[in-house]
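Welcome! Below is a short tour for anyone meeting this structure for the first time. Take a look at the sequence and the model, then follow the topics one by one.

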Amino acid sequence: MSLFNQGKKAYLLLADGQIFEGISCGASGTVIGEVVFTTGLTGYQETLTDPSYYGQIVTQTFPLIGNYGVNHEDNESSSSYVSGYIVREWCNAPSNFRMEGNINDFLTEHNIIGICNIDTRRLTRIIREVGVMNGVITTDDVYAKKDELLEKIRAYEIRDAVKSVTGRETITYSGDSPKYKVMLFDFGYKRNIRQELVNRGCEVIVVPADTTAEAVKAVNPDGIMFSNGPGDPSENTEIIENIREIQKLGIPIFGICLGHQLMALANGGRTEKLKYGHRGANQPVIDLESGLTYVTSQNHGYAVVGDSISPEIGSVSHINANDKTCEGIRYSMVNAFTVQFHPEAHGGPLDTAYLFDEFIKNMDKEGK
């Protein structure tokens, strides 16, 4: 067991009053967030840099974290957006030929407050049974401030999540001699979405989340990608209205995760908050057309209500094999398809990377 911060105590206080005592790692201080869990065995650096975790305290269910260190290549964004981090056991002697540092230093550098040496299995069972709840990680005396902290915990809400993570400038990325021009809406996008498009011959124009239909029309891209991102999709009323106008342009659209949810809301659908969400690299998803089941990487707390989409507008294309929630929609009124899972997953399964190829084919057809 690696005892960072010279064995300094840290505490996790849940909204129901339960307290977990552990050891501090990363930065010191106090942070409030929504406590969630992810089941990935690897990919902890990708988790820490995924903007979709904005406002959340992330629990890793795998008991040993940090064994292969960290490096600059595996970041999904330029920062870390988790509010706090919880693990059972740190590896104090990481080893990997790509390693450039250890995860504790990474957390400290990004000012992320963490706690280790707690019973993450017990914590995960609480979340599974009760549902996600708010909590606090603190290196202060939690018992002296418990009532004050509980009041803050119970008042906490994740707000303006997309506005907090989206880029403010338009940036273009491309490889050699790109064939397609894709506008990628940054709702909190993961770098590997961009890279999968670049690898397929796309010039990728990353634009702010509130980009309008008029701005899209001025660029006239071959395709549009609505990215993943954090928070309650229904609070993004301006973006949803923009999507209603953007889809009228007839440009092929591919949506992932939050992009999938926003597209559904723009077409009269509804979203609902899941009890504890889907977070991990082992979520089974059934393609209803082929009947095949794919292993997917996921990170979301909300889902589209499948039967809220009118049959005249579109149909559910994928469902989660565990709880039968909607995992994909194909639209008939507009040239678009969307999925809840992450086909670009790194680290994680690449079973569904073929969806990027389908998006390329849609752009080819539209360009003829």
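A cavity here is a set of grid points where a 1.4 Å probe fits but cannot get out. The model is predicted, and the structure holds one cavity of 30 Å³ or more. The briefing begins with that cavity, then turns to a barrel, a helix and a few individual residues.

**The cavity**

- The largest cavity contains about 200 Å³ of space.
- Its lining is made up of 21 residues, and those closest to the centre are Gly43, Thr47, Lys190, Ser297 and Gly347.
- Sorted by class, the lining has 13 polar, five charged and three nonpolar residues.
- As a general point, rolling a probe the size of a water molecule over the atoms shows where empty space is left.

**The barrel and its helices**

- Seven strands form a closed barrel in the order β1-β2-β8-β6-β4-β3-β9, and their pairing is mixed.
- On average, neighbouring strands of this sheet are turned by 35° against each other, direction ignored.
- Strands β2 (residues 19-26) and β8 (residues 113-116) run antiparallel and are joined by four bridges.

- Which residues of helix α6 (residues 191-199) are buried? They are Asn192, Ile193, Arg194, Glu196, Leu197 and Val198.
- The cover over these buried residues includes β10 (171-173), β11 (180-186), β12 (202-208), β13 (223-226), β14 (253-256) and α10 (354-367).
- Just after α6 comes Gly201, with a positive phi of about 85°.

- In general, most residues other than glycine have a negative phi.
- Cys257 is not a glycine, yet its phi is positive, at about 60°. Cys257 sits in the loop between β14 and α9 (258-266).
- Cys257 counts as buried because its relative accessible area is 1%, while the cut-off for buried is under 20%.
- Lys324, another residue other than glycine, has a positive phi near 65°. Lys324 is part of the loop between β17 and β18 (326-331).

**Two residues to look up**

- His318 lies in strand β17 (residues 314-320). Is His318 buried or exposed? His318 is buried, since its relative accessible area is 1%.
- Leaving out residues up to four places away in sequence, the contacts of His318 include Val285, Ile286, Asp287, Leu288, Phe341 and Tyr354.
- Val219 belongs to helix α7 (residues 213-219). Val219 is partly exposed, because its relative accessible area of 29% falls between the cut-offs of 20% and 50%.
- Beyond its neighbours within four places in sequence, Val219 is in contact with Lys181, Met183 and Ile205.
- Val219 and Ile205 are 14 residues apart in sequence, and their C-alpha atoms are 9.4 Å apart in space.

How values were computed
Residues are numbered from 1 along each chain as its sequence is written. This is a predicted model: local features need pLDDT of at least 70, side-chain atom pairs count only at pLDDT 80 or more; totals for chains, interfaces and linings use all residues. Side-chain values use heavy atoms; hydrogens and water are left out. Helices (H or I, at least four residues) and strands (E, at least two) are DSSP runs, numbered from the N terminus. Buried means under 20% relative accessible area, exposed over 50%, partly exposed in between (1.4 Å probe, protein chains only). Contact means heavy atoms within 4.5 Å. Two strands pair if DSSP finds at least two bridges between them. Axes are lines fitted to C-alpha atoms, for helices over the stretch in contact, and angles run from 0 to 180 degrees between N-to-C directions. On a 1 Å grid over the protein atoms alone, a cavity is a set of points where a 1.4 Å probe fits but cannot get out, and a pocket is an open set with protein on both sides within 12 Å along at least five of seven lines; lining residues have an atom within 4 Å of a point. Grid points are joined across faces, edges and corners, and a volume is the space filled by probe spheres set on the points. Ala, Val, Leu, Ile, Met, Phe, Trp, Tyr, Cys and Pro count as nonpolar, Asp, Glu, Lys and Arg as charged, and the others, Gly among them, as polar.
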